[in-house]
Amino acid sequence: MMLTTKFSSARLTLIAVSVAAMLGASLAHAENPGRGATAEFEKNYLTFIIDHHYSALRMTELASGTDVKRDAALHNLEEGTSPTPKTSATPAKAHSDKIKSMARQANRMQREEILTAQRMLLEFYAVTHAPELPKEAQSLIQILEQAPPGSRFDRTFLKTFSDHHYAALQPSQDCRVKSDISHDSLIHYCEGIVENQTRDINEMRKDLCSDFSDCDFQPGAARRQH
């Protein structure tokens with residue numbers, strides 16, 4: 001299945017309208033943009049995390065399956081649990097109900113965090129960014145697309161999604177100390193990513209140990225064979 005690297009223009013318009021609506025009255029009280037190297041870091045980080053979270057959507061859709069209609073309190077209702085743009089509806093490949101539930105929750109969180117990062121990028125710097133699928137993420141998605149459904153997929157997903165989460169930790173740690181000192185909303189956002197993704201990784205490591213006797217897994221190993 002070929003994945004698009006950008007949202008369709010129609011959905012981009014919907015997201016732009018959604019972000020603008022969220023800003024609304026808050027623009028009058030917006031935090032000031034960063035300066036110099038700080039501003040450059042923030043723009044690069046927000047662009048990175050939007051793309052990073054976007055790649056998680058397809059990964060979690062493959063695990064949990066997708067619905068025609070999304071049941072989520074998001075500004076763009078068409079984006080609920082429906083497939084990522086330019087992909088087809090997908091049956092769940094995971095066997096474990098726990099993994100399916102975790103994937104659904106992660107999907108919703110990543111979508112909300114994409115909207116939050118887009119809002120901050122627009123609010124701080126008047127910049128809009130349409131999510132793109134990084135090359136490395138395409139490789140992780142292909143691993144999951146090729147994995148057979150069932151318990152083998154479960155094990156592959158736990159490792160692959162841990163690797164995906166791990167890739168956001170260092171940039172988000174940097175964000176905690178390199179963002180503009182007055183940008184409390186961004187610093188809080190980055191702290192949340194570090195805390196949530198670390199917790200998720202360790203939960204997946206526990207599942208690998210208890211369910212697959214794979215107790216020596218370390219996320220982030222290059223070119224790992226699943």
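Buried here means under 20% relative accessible area, exposed means over 50%, and partly exposed is what sits in between (1.4 Å probe, protein chains only). This is a predicted model, where local features need pLDDT of at least 70 and side-chain atom pairs count only at pLDDT 80 or more, while totals for chains, interfaces and linings use all residues. Residues are numbered from 1 along each chain as its sequence is written, and side-chain values use heavy atoms, with hydrogens and water left out.

View 1. Helices (H or I, at least four residues) and strands (E, at least two) are DSSP runs, numbered from the N terminus. Follow the sequence and you read α-α-α-α-α-α. Of the 226 residues in the protein, 47% are buried. Contact means heavy atoms within 4.5 Å. Take the contacts between residues at least 6 apart in sequence, and 81% of them join residues at least 24 apart.

**View 2. S88 sits in the loop between α2 and α3.** With 45% relative accessibility, S88 counts as partly exposed.

**View 3. The largest nonpolar core has 41 residues.** A nonpolar core is a set of buried Ala, Val, Leu, Ile, Met, Phe, Trp, Tyr and Cys residues joined through side-chain atoms within 4.5 Å. Y45, F153, F157, L186 and Y189 have the most contacts inside this core. At least two core residues come from each of α2 (36-64), α3 (97-125), α4 (135-146), α5 (151-178) and α6 (184-212). The largest share, twelve residues, is supplied by α2. In soluble globular proteins, nonpolar side chains tend to be buried together.

**View 4. F153 and the residues it touches.** Set aside its neighbours within four places in sequence, and F153 is in contact with L62, A63, K93, A94, L144, A147 and P148.

**View 5. α2 and α3 cross at roughly 155 degrees, with axes that come within 8 Å.** Axes are lines fitted to C-alpha atoms, for helices over the stretch in contact, and angles run from 0 to 180 degrees between N-to-C directions. Angles under 35 degrees count as roughly parallel, over 145 as roughly antiparallel, 65 to 115 as roughly perpendicular and the rest as oblique. So α2 and α3 are roughly antiparallel to each other. Their crossing is left-handed, a label used if the near helix is turned anticlockwise from the far one by less than a right angle, with right-handed for clockwise. The contact of α2 with α3 involves 17 nonpolar, eight polar and seven charged residues. In that tally Ala, Val, Leu, Ile, Met, Phe, Trp, Tyr, Cys and Pro count as nonpolar, Asp, Glu, Lys and Arg as charged, and the others, Gly among them, as polar.

**View 6. α2 packs against α5 at about 165 degrees, with the axes 10 Å apart.** That makes α2 and α5 roughly antiparallel to each other, and the crossing is left-handed. Residues making the contact include Y45, F48 and H52 of α2, along with F157, F161 and H164 of α5. By class, the contact of α2 with α5 has 15 nonpolar, seven polar and two charged residues.

**View 7. L169 lies in helix α5.** L169 has a relative accessible area of 15%, so L169 is buried. Not counting residues up to four places away in sequence, L169 touches I193, V194, Q197, T198 and I201. The C-alpha atoms of L169 and C190 are separated by 9.1 Å, with the residues 21 apart along the chain.
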